[in-house]
Amino acid sequence: MTATDSGERALEDRFEAVVGADQRVEPRDWMPEAYRATLVRQIAQHAHSEIIGMQPEGNWLTRAPSLRRKAILLAKAQDEAGHGLYLYAAAETLGVDRAELTEKLIDGRQKYSSIFNYPTLTFADVGVIGWLVDGAAICNQVPLCRCSYGPYARAMVRICKEESFHQRQGYELLMTLMRGTEAQRAMVQDAVDRWWWPSLMMFGPPDGDSPNTERSMAWRIKRHTNDELRQRFVDMTVPQAQHLGVTLPDPALAWNEERGGWDFGEPDWSELKQVIKGNGPCNAERVERRRAAHEDGAWVREAALAHAEKKRRSAQ
Ligand code: FAQ
């Protein structure tokens, strides 16, 4: 064994010990290249999702039915922008550049969550996104507060607090609509019918088809498998649907006494594959809009850089 080999081995052992003891890996610590690459992939996808995720609800900003609803929706969209920024900042601690990540998103070299490729047809969709999409996001993201990589875990704490608030505002919106007219109740049911299955798909492919889970769990980036979190979400959501008075569009939903959980049907995995490949109902529109916003913002980035340079020179 050469000195370099034994040095590398010692670093690896230390990394494994830190992860195994549930301590945090920090930016300046040695880490395996594959661990770094996995984190960049997941955090970048997560950041892109928050930013692209502003679009479906943003569609209703100018048409929210009251000033109050508009103010709430605007605040929610701004929160999502903030989440994107924390996450890009967390990714930058791994040595990547936010501008480069944005280029990769726009060129289709990096992914974002499948859920944001569905259209928001009525204002009830805003409530259902808060209830189901933010609800699924919370189930998936609360365990990430214990992720082994410090900057990602810490970013998730605040994000989860805000997502919980988003979920409650969505549920409150839906409760209000359900207390309204027959037409409003039908609008809620229609939105639930359209968003239920895509929300279940947010958790990713079933465990047998999830190439990254095993490695990510061993590194304590992910703390649960996709199917475990999907089940947790269904168990949390069914009683909320009952209280709201809507029917979840799954004839296979049934309480399983033995397991103490809800049995549910199989999502259409071919649909998830298609959406991830870029063939969902709104993929092209979402990426095009992101590209246009990025290009429109070029002058702001240039001005900020010029300002920073001017300040740097005057400080010399
Ligand atoms: N959509 O081996 P796995 C939000 C890809 S934020 C698209 O299971 P992994 C807030 C996956 O990347 C929502 N692609 O992968 C909000 C992989 O591809 P790759 C975003 C998906 O990473 C609310 C391949 O399939 N949340 O909602 C999806 O172990 C309201 C194989 O999959 C996060 O990003 C999908 N649904 O597990 C904003 C949370 N599922 O890269 C606005 C953090 C899988 O190998 C409004 N991320 N893929 O080519 C995670 O927890 C994980 O990355 C998973 C996927 C669970 C998403």
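A molecule sits in a cavity or pocket if more than half of its atoms lie within 2 Å of its grid points. The model is predicted, so local features need pLDDT of at least 70 and side-chain atom pairs pLDDT 80 or more, while totals for chains, interfaces and linings use all residues. Residues are numbered from 1 along each chain as its sequence is written, and side-chain values use heavy atoms, without hydrogens and water.

**View 1. The ligand sits in the largest pocket.** A pocket is an open set of points on a 1 Å grid over the protein atoms alone, where a 1.4 Å probe fits, with protein on both sides within 12 Å along at least five of seven lines; lining residues have an atom within 4 Å of a point. The largest pocket holds about 1,100 Å³ of space. Its lining has 46 residues, and Gln45, Ser113, Met202, Phe203 and Gly204 are the closest to its centre. Volume here is the space filled by probe spheres set on the points, which are joined across faces, edges and corners.

**View 2. Helices contribute to the lining of the largest pocket.** H2 (33–52), H4 (67–92), H6 (124–141), H7 (150–178), H10 (226–244) and H11 (269–279) each give at least two residues. H6 gives the largest share, seven residues. Helices are DSSP runs (H or I, at least four residues), numbered from the N terminus. By class, the lining has 19 nonpolar, 15 polar and 12 charged residues. Ala, Val, Leu, Ile, Met, Phe, Trp, Tyr, Cys and Pro count as nonpolar, Asp, Glu, Lys and Arg as charged, and the others, Gly among them, as polar.

**View 3. The shell around the ligand has 34 residues.** Gln45, Lys111, Ser210, Lys222 and Asn226 come nearest. H2 gives the most to this shell, six residues. The shell divides into 12 nonpolar, 13 polar and nine charged residues.

View 4. Of its 19 lining residues, Ile51, Arg98, Arg290, Ala293 and His294 are the closest to its centre.

Conventions. A residue is near a molecule or strand if one of its heavy atoms lies within 4 Å of it.
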